[in-house]
Amino acid sequence: MNPRQTPAAGRRSPLRSVKYWLALLGIAALICAAVVYFGRQQTLSPLQQAAQQTQSATPAPTPAPTPTPRTIADFNMVDLNHGWVRYSDGSVRVTEDGGAHWTDAAAVPPDSSPAPVDGLLWLRKTVNHPAAVNYQSHTYPVKKSQFLTDLIGWAQVADDGELGAVLLVTADGGATWSAEVTPDMQAVMDKEREKLKAFEQEMALYADRGQALRVMQSDWALLPDKAAPGDVVLVRAKEPGSVKWEGKTYKLEPFGAGYFTYLPIGMDVKPGKYPVGGAELTIQPKKFETQYLTVTEEMESMRQETDRIAADQKKIDKARSVSAPQFLFTSDFIQPIEGRLTTPYGYTRYVNGKLDSSHRAIDLAAPEGTPVKAANDGIVALADNLYLTGNSVYIDHGMHLFSQYIHMSKLLVKTGDKVKKGDVIGLVGTTGFSTGPHLHFTFWAHNVPVNPNLFFKTTPFHWQ
Ligand SMILES: [Zn+2]
């Protein structure tokens with residue numbers, strides 16, 4: 001046995017063993033670290049990933065040795081598209097698509113979006129600010145929440161971990177919360193955006209935002225809720241359906257954010273209170289004067305031509321049976337001519353001593369050839385020379401409201417023409433059953449002549 005060898009070998013052997021074990025330990029540690037790292041990567045929740053993303057999007061200038069997760073300092077969703085988040089480190093992110101995507105911004109943008117505010121107010125009937133929200137079976141106290149509509153809301157929770165940097169979103173009024181805007185939530189938001197558009201289309205027609213909100217937030221509205229025999233009322237409901245009135249059923253047609261119909265009030269409706277849908281209509285008493293008219297025998301004989309009259313009536317009925325399924329006007333109606341009022345609306349007429357129908361129009365006397373203007377935007381439903389009414393024009397203003405101009409000397413439009421308010425459609429004359437140059441003018445709602453005076457310098461949306 002070599003004694004030198006034995007201690008040397010003895011020295012080498014423990015040395016080699018130490019290195020060996022150290023190396024082995026090192027490899028094991030690496031494997032452990034890898035397992036932990038990749039294991040962690042695989043189990044990262046979308047929320048943790050989102051938090052990582054938000055952190056990596058704005059890297060700190062020098063990597064901090066022990067990074068504290070940044071949290072949301074404040075946020076504001078301006079509308080269904082625009083919003084911002086400011087983080088504890090001062091960085092800002094903005095969205096323009098309702099939170100589906102976020103991008104870095106230099107600063108918090110100014111919250112200047114007055115237009116949709118009324119619509120959002122209308123879509124948010126209940127104000128719900130939860131004290132806590134449930135997310136992935138944990139309850140988190142809410143630091144700040146914001147509901148844009150009854151369904152769409154945002155919440156910032158108090159959490160020292162990743163959740164503190166994530167804006168939670170709900171699209172079901174706060175029943176469930178998500179760290180990201182899912183496709184299902186997108187679909188809900190799209191529907192809310194459509195409602196908002198409809199709201200804005202309708203809102204533009206009212207007198208002011210106060211009236212608009214009052215009407216649009218009611219289940220039923222009557223414009224106006226007081227009327228007289230011969231008048232017309234515009235009915236608005238929140239839901240589709242119909243209303244019954246004087247033995248007839250009027251279907252509510254969709255427009256904007258509601259459902260509408262005109263309701264003609266008969267000449268012999270008794271004063272009182274009547275239910276109309278879910279609202280109450282008050283009919284006020286009104287007395288109509290009597291007018292005695294003398295016409296020549298020749299003129300009177302005109303009215304015996306029942307075949308021609310019936311043929312004309314068919315044309316008129318056909319023209320008035322179709323109406324645009326929307327309101328074609330956006331502003332006040334105008335009186336088609338200045339002129340001397342010779343017969344007011346609703347006069348009970350006696351022609352040559354015999355009781356005639358009541359005069360459900362106004363007669364405005366004016367020199368022959370005076371230009372006659374369209375009372376508002378619309379489509380010419382009929383422009384024709386008719387036997388009793390002479391040169392006649394009916395303009396469709398949508399939703400079964402027509403204006404009528406007759407006895408004109410000349411027609412300047414034809415059936416199907418689109419007209420704008422104030423367009424000259426004809427000239428004053430005395431064609432047909434007429435005793436002198438004048439314009440016989442009225443409105444028809446659902447084939448019932450109604451008081452034209454209600455429309456001048458206003459629109460049915462301003463009736464209140
Ligand atoms: Zn007349």
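Two strands pair if DSSP finds at least two bridges between them, and the strands themselves are DSSP runs of E at least two residues long, with helices being runs of H or I of at least four residues, all numbered from the N terminus. With that in hand, here's a walk through the chain. This is a predicted model, so to speak of local features a pLDDT of at least 70 is needed, side-chain atom pairs count only at pLDDT 80 or more, and totals for chains, interfaces and linings use all residues. Residues are numbered from 1 along each chain as its sequence is written.

**Overall picture**

The chain's secondary structure comes to 7 helices and 31 strands. Of its 464 residues, 34% count as buried; that label goes to a residue with 20 or more other C-beta atoms within 10 Å of its own, while 12 or fewer makes it exposed and anything in between partly exposed, with C-beta atoms placed from the backbone. Take the contacts with a separation of 6 or more: residues 24 or more positions apart account for 60% of them. A contact here is two C-beta atoms, placed from the backbone, within 7 Å.

On confidence, pLDDT is the predictor's score for each residue, from 0 to 100. The chain averages 86, and 84% of the residues score at least 70. Residues 1-15 stay under 50, and the model has 1 contact beyond four places in sequence for them. Residues 32-60 are also below 50, with 21 contacts in the model beyond near neighbours in sequence. Where pLDDT is low, the predicted coordinates should not be read in detail.

**The β1-β4 sheet**

An open sheet of 4 strands runs in the order β1-β2-β3-β4, with antiparallel pairing. Its edge strands, each pairing on one side only, are β1 (72-77) and β4 (103-105). From one strand to the next, the twist averages 25 degrees, an angle taken from 0 to 180 degrees between N-to-C directions of lines fitted to C-alpha atoms. Strands β2 and β3 form a hairpin with 4 residues between them, and G90 in the turn has a positive phi of about 90 degrees. Across that pair, W84 stands opposite V94. On to β4: V94 stands opposite T103, and R93 has D104 as its bridge partner.

**Antiparallel pairs side by side**

| Strand pair | Bridges |
|---|---|
| β2 (residues 83-87) and β3 | 4 bridges |
| β3 (residues 92-95) and β4 | 3 bridges |
| β19 (residues 340-343) and β22 (residues 362-365) | 3 bridges |
| β22 and β30 (residues 438-445) | 4 bridges |

D363 in β22 is worth a look: T343 stands opposite D363, and the bridge partner of D363 in β30 is H440.

The largest nonpolar core has 91 residues, and L168, V233, L263 and V393 touch the most other members. Such a core is a set of buried Ala, Val, Leu, Ile, Met, Phe, Trp, Tyr and Cys residues joined through C-beta atoms within 7 Å. In soluble globular proteins, nonpolar side chains tend to be buried together. Leaving aside neighbours within four places in sequence, V233 is in contact with L222, L223, P224, A227, L263, I265 and L281. P224 sits in the loop between β9 (220-223) and β10 (226-227).

H400, in the loop between β25 (390-396) and β26 (401-408), has a phi near 70 degrees, positive although the residue is not glycine. H400 is buried, because 23 other C-beta atoms lie within 10 Å. H407 is in strand β26 and has a positive phi of about 70 degrees too, again without being a glycine. With 25 other C-beta atoms within 10 Å, H407 is buried.

I379 belongs to strand β24 (residues 378-386). I379 has 19 C-beta neighbours inside 10 Å, so it counts as partly exposed. I379 and D417 are 38 residues apart in sequence and 5.7 Å apart in space, C-alpha to C-alpha. Contacts of I379 beyond four places in sequence are A324, L328, I395, D396 and K418.

**Helix α7**

Helix α7 (residues 306-321) has 16 residues and reaches 22 Å from its first C-alpha to its last, close to the 22 Å expected at 1.5 Å a residue; the expected span is 1.5 Å times one less than the number of residues. The number of buried residues among the 16 of α7 is 1, so the helix lies largely in the open.
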